[in-house]
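Hi,

Here is the structure I promised to pass on. Have a look at it first, then read my notes below.

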Amino acid sequence: MRMVSASPKKLHIIASKTTGTAEKNIIQQDNGILDLHKNAQYYGNGDKDNKLPHIKFEDKIIYILGYDNKDKWRNVLGSQFGCVYIDEINTADIDFVREISTRNDYLMATLNPDDPSLPVYKEFVNRSRPYKKYIQDVPPEIMSELTEEPVPNWKYWFFSFADNLSLTPEVIEKKKTAAPRGTKLYKNKILGLRGKATGLVFSNFDRQQHIKSKKWAKQFLTNNRQSEKFMQYSAGLDTAYSQKSPDIIAMSFIGITDKGICVVLDERVYNNADLQTPIAPSDTVKNFVDFLERNRQEWGLARNVFIDSADQATITELNKYKMQKGCIYTFNSAWKKTQIIDRINLQLGWLAQGYYFVLEHCKNYINELEIYSWREDKDNTPEDAHDHCINASQYAWLPFKQRIGGEISGADKNNEK
């Protein structure tokens, strides 16, 4: 309201899911606009001069919009505005956000933690940065996602319960105990971290527990004097060559120890939608071999590697490369006899029992683990999205799944090929 007062423009906007939501949460509640600004007048049904709901404040008009109704907000967005406030921008129609973002002098938005794959994060939220004074308030999980090209003067604030002066310590504690620890509800509402609150496939994936450093993984190399060693390396490749979707070409490199621990050691992804010259299957051959060689030098040899069996074009190019130039790798079609639901159950069990870990630099895979969800319209079926790194890692461990989740006996080691 101070920015509205200082603005030279007459017209401004407050947008919420509905006008009723704006009234309840922003305008009429205790410490809301009408409570704090006694000279502000709200016309919920409009008046003779302005048919839309609006606030008259000083000599300004603040329209109240519901972004759930395209017909209504399109009628308003025909001119430039001074100040715009968007409530819960994570739930807003992205077309509305894009449109209004170019029609103001000052924009402020609030949001609750949500699915980090929503376009509002990539296009707006993650292009902002916190003030240095408050950077310590931002959880590391969120700070690591504020990586899009920053826009000058776009600022990000992270607020916790402690910033809400209307909440007593007793009320804060009551809210914390209401949500069970370890659930996505606790993660979203109590810790304030991003992620879909319901329907997650890998709901027991926990950053603090399952993400490890490269230094931690190096202890399992065979030249170290540890009792536990990497005994099997493998790699998987999942492909998607579309230039019109966020689907990616994903490569995953894993190691399995003789105590049955599986570690995702490295990843590499490409997205043709981001490239001026799209990647073809023949390009993937070089990229994949380079990926395997880099990891062979750092970790060890994954002689047998596994490629999505649905992509025969890439498999053909890989085998052609092997015949023409020769290489130490055997390119196999992915083993898909284990159903997707069974793969998920295996991985959930390994996560729960401490047999499955991911290195911290595998950010694309970590992101997928945190948003990969069940379909709402079909029981026991995951969505066909946010799963390319997940698929690549599964292709890598599927042939060796019997070795994960427990120590390999000496007899088993001798019989392995």
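**What I found**

Let's start with the sheet: it is open, with mixed pairing, and its six strands come in the order β2-β3-β4-β1-β5-β6. On average, neighbouring strands here are turned by 20 degrees against each other, ignoring direction. Keep in mind that this is a predicted model.

In case it's new to you, strands of a sheet pair through backbone hydrogen bonds, and they can do so parallel or antiparallel. Strands β2 and β3 (residues 54-57) run antiparallel, joined by three bridges. If you want to find that pairing on screen, tyrosine 42 stands opposite isoleucine 55 in β3.

A helix goes with this sheet too: α2 (residues 19-27) lies across β1 (11-16), β2, β3, β4 (60-66) and β5 (81-86). Its direction makes an angle of about 120 degrees with β4.

Now for two residues further along. Leaving aside neighbours within four places in sequence, asparagine 287 is in contact with Met251, Tyr270 and Ile279.

Arginine 268 belongs to strand β10 (residues 262-270) and is partly exposed, at 34% relative accessibility. Not counting residues up to four places away in sequence, arginine 268 touches Ile249, Ala250, Met251 and Phe291. Asparagine 364 is 96 residues from arginine 268 along the chain, yet their C-alpha atoms are separated by 8.6 Å.

Cheers

How values were computed:
Residues are numbered from 1 along each chain as its sequence is written. This is a predicted model: local features need pLDDT of at least 70, side-chain atom pairs count only at pLDDT 80 or more; totals for chains, interfaces and linings use all residues. Side-chain values use heavy atoms; hydrogens and water are left out. Two strands pair if DSSP finds at least two bridges between them. Helices (H or I, at least four residues) and strands (E, at least two) are DSSP runs, numbered from the N terminus. Axes are lines fitted to C-alpha atoms, for helices over the stretch in contact, and angles run from 0 to 180 degrees between N-to-C directions. Contact means heavy atoms within 4.5 Å. Buried means under 20% relative accessible area, exposed over 50%, partly exposed in between (1.4 Å probe, protein chains only).
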